[in-house]
Amino acid sequence: MEQLLFWCDLIGIVVFAFTGVLAAGHKQMDLFGAVVLACVTATGGGTTRDMILNVPVFWLADSYYLWIAAATGVISFYLIRYLQVPMRLLMIADAAGLAVFVVIGTQKVLSLGHTPAIAIVMGVITGTFGGLIRDVLCGDIPLLLRREIYATAALSGAAALVILDDIQGLPGEVVVAIAILVTLGIRLAALRWNLSAPIARIRPET
Amino acid sequence: MEQLLFWCDLIGIVVFAFTGVLAAGHKQMDLFGAVVLACVTATGGGTTRDMILNVPVFWLADSYYLWIAAATGVISFYLIRYLQVPMRLLMIADAAGLAVFVVIGTQKVLSLGHTPAIAIVMGVITGTFGGLIRDVLCGDIPLLLRREIYATAALSGAAALVILDDIQGLPGEVVVAIAILVTLGIRLAALRWNLSAPIARIRPET
Amino acid sequence: MEQLLFWCDLIGIVVFAFTGVLAAGHKQMDLFGAVVLACVTATGGGTTRDMILNVPVFWLADSYYLWIAAATGVISFYLIRYLQVPMRLLMIADAAGLAVFVVIGTQKVLSLGHTPAIAIVMGVITGTFGGLIRDVLCGDIPLLLRREIYATAALSGAAALVILDDIQGLPGEVVVAIAILVTLGIRLAALRWNLSAPIARIRPET
């Protein structure tokens, strides 16, 4: 179980760091700007969560998170010059990062003894705020807030974890795996069939 | 007194959540984006205050704040499709939200034993940072920083509270009521007569 | 040594507050918007550092930091109307602010007993996040992420401090002075000769 979460976490860090570098590429930032954006994207969600919860920020104790994010940043910086990254693959990877971060975040907050509602909110923050900060720094309106089933997928995955966690006798690995699949499934389905939630409309003045 | 502050707080949450949904409507975000923006706008100021003060974030203990913000978000999302909201009414509501949040924030920080100066700064942050984060997420320059008597109203209300709080024998309710009226009065007067503070000008290069 | 750091800190506050007012001038904000931006720019880096480290935010105990930032804000607001500020001078002042904040931040985190890697990261955050928040609030992509040797200079100065700090018998003043000169030198050299780090490029789809 520990092992499983560890690897999931690693995948999330690498994938989100990579999306940071891609965003930096679109804005023609330089190498160090790209590495900063990689680190902020990869760690922003968990950092926000820990700061709100008033617990030690996770990468202060385990600084290898930062090293991995920074290393991914440098490698991707040169990779995207020569390797064409299919948009499709990137969106799938991003969905995977979202899924694991939401589940890890929700899990961590539950284990700290908070209520299920707080755990769900914090899981969504863990999964989505890194990308949100990335988009704000790039001058874009965050993907999280736009017309994509992004917050919905995160919310569903976090809720699934909280509900399943309450069922006696279900092994932790199964709970985590199902919650990850729920998030991933909803997000990928939205991408595949171009699903979208209702859009906000304002009644025009007459 | 407790009762009074409780209801003020509630009004502030609902009003700011509503302004978040309206902003989401202008940017054509989807339902969940709008709800996220509603929650961030309604709780952002108090969250920033508590994180800077290193005290438990207020909605971790009383998660009903989040529920109210989220419920307001969902209801407003559908409301603004059918009901035309007069801009005038919205600005008045926003001024009311600002006034109560500034006063509640200043009060809370005073009661934690901080200096009057810090209490004023924190009151202003409580009242204004939710809207500031909303505007940043929407890609706009924050209303707080633009040509409106917004920070000025917040500052005056917080200062009024700190000064009145020092006067012996004045009941707490009166202090709170006056401070709210000061903030509200200045902001509404600015809206009514289009007042504005001096604008920053840079001497052009010759 | 205490004395030296105190004066450096003061210079950093004044210089960064001034850059905040200049940014406010470019966006035609009003007096209070400019003062808010001055305070946020001057204190944002250290505030972010202290919030991540979960230590008391520095200006809560010593509120004179805020007073200086606010006073600089008001004075600069009127100054830039009449006095033409050479861009060159401003960039040099900004480099000086960056240098002292990076070094003070790194020093503080080292003295709290964190690892050198964390101290370097926190030094960079101290020096750069005030300006980053300023740029985000103005709706610009942060200078830190763009094509300037900015993060590089900060990183080098923080690394220099950490390395020199480890050498026995080197007086603290010398360590601090060298680290400041490293940051300042790299940043000024980049400005003078228009140096730039490699730029992120994305392989176009074929």
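Biologist: In this predicted model, through what kind of surfaces do the copies meet, and what share of the interface residues of chain A are also interface residues in chain B?

Modeller: One compares the residues that each copy places in the interface. Here only 10% of the interface residues of chain A are also interface residues in chain B, so the copies meet through different surfaces. For the next pair, only 10% of the interface residues of chain B are also interface residues in chain C, and these copies too meet through different surfaces.

Biologist: By what turn and what shift can chain A be laid on chain B?

Modeller: Chain A is brought onto chain B by a turn of 120 degrees, with a shift of 0.0 Å along the axis and an RMSD of 0.0 Å. The two copies are thus related as by a three-fold rotation axis. Chain B is likewise superposed on chain C by a rotation of 120 degrees, with 0.0 Å of shift along its axis and an RMSD of 0.0 Å.

Biologist: How is the size of an interface often given? How much area do chain A and chain B bury between them?

Modeller: It is often given as the accessible area lost when the parts come together. Chain A and chain B bury about 2800 Å² between them, and 67% of that lies on carbon and sulfur atoms. Helix 2 (31-53), helix 6 (116-137) and helix 7 (151-165) of chain A are the elements that give two or more residues to the side of chain A that touches chain B. Helix 6 of chain A gives the most to that side, with six residues. In total, 31 residues from chain A and 35 residues from chain B take part in the contact.

Biologist: How many salt bridges are there between chain A and chain B, and how many residue pairs are in polar contact across that interface?

Modeller: The count of salt bridges between chain A and chain B is zero. Two residue pairs are in polar contact across this interface, both at pLDDT 80 or more.

Biologist: What are the corresponding values for chain B and chain C, beginning with the buried area?

Modeller: The area buried between chain B and chain C is about 2800 Å², with 67% of it from carbon and sulfur atoms. The contact draws 31 residues from chain B and 35 residues from chain C. On the side of chain B that touches chain C, the elements giving two or more residues are helix 2 (31-53), helix 6 (116-137) and helix 7 (151-165) of chain B. Helix 6 of chain B supplies the largest share of that side, six residues.

Biologist: Which residues have the most contacts inside the largest nonpolar core?

Modeller: The largest nonpolar core has 213 residues, and those with the most contacts inside it are A:Trp59, A:Met122, B:Trp59, B:Met122, C:Trp59 and C:Met122.

Biologist: Turning to the backbone, what is the phi of A:Gln28, and where does A:Gln28 lie?

Modeller: A:Gln28 has a positive phi of about 50 degrees, although A:Gln28 is not a glycine. A:Gln28 lies in the loop between helix 1 (2-26) and helix 2 of chain A. With a relative accessibility of 42%, A:Gln28 counts as partly exposed. In chain B, B:Gln28 also has a positive phi of about 50 degrees, and B:Gln28 is found in the loop between helix 1 (2-26) and helix 2 of chain B.

Key:
Residues are numbered from 1 along each chain as its sequence is written. Chains are lettered from A and ligands numbered from 1 in the order in which they are written. This is a predicted model: local features need pLDDT of at least 70, side-chain atom pairs count only at pLDDT 80 or more; totals for chains, interfaces and linings use all residues. Side-chain values use heavy atoms; hydrogens and water are left out. A nonpolar core is a set of buried Ala, Val, Leu, Ile, Met, Phe, Trp, Tyr and Cys residues joined through side-chain atoms within 4.5 Å. Buried means under 20% relative accessible area, exposed over 50%, partly exposed in between (1.4 Å probe, protein chains only). Copies are superposed by least squares on the C-alpha atoms of residues with pLDDT of at least 70 in both. Contact means heavy atoms within 4.5 Å. Buried area is the accessible area (1.4 Å probe) that two parts lose on being put together, summed over both. A salt bridge is a side-chain nitrogen of Lys or Arg within 4 Å of a carboxyl oxygen of Asp or Glu. A polar contact is a pair of N or O atoms within 3.5 Å; within protein, one must be able to donate a hydrogen and the other to accept it, and residues adjacent in sequence count only if both atoms are side-chain atoms. Helices (H or I, at least four residues) and strands (E, at least two) are DSSP runs, numbered from the N terminus.
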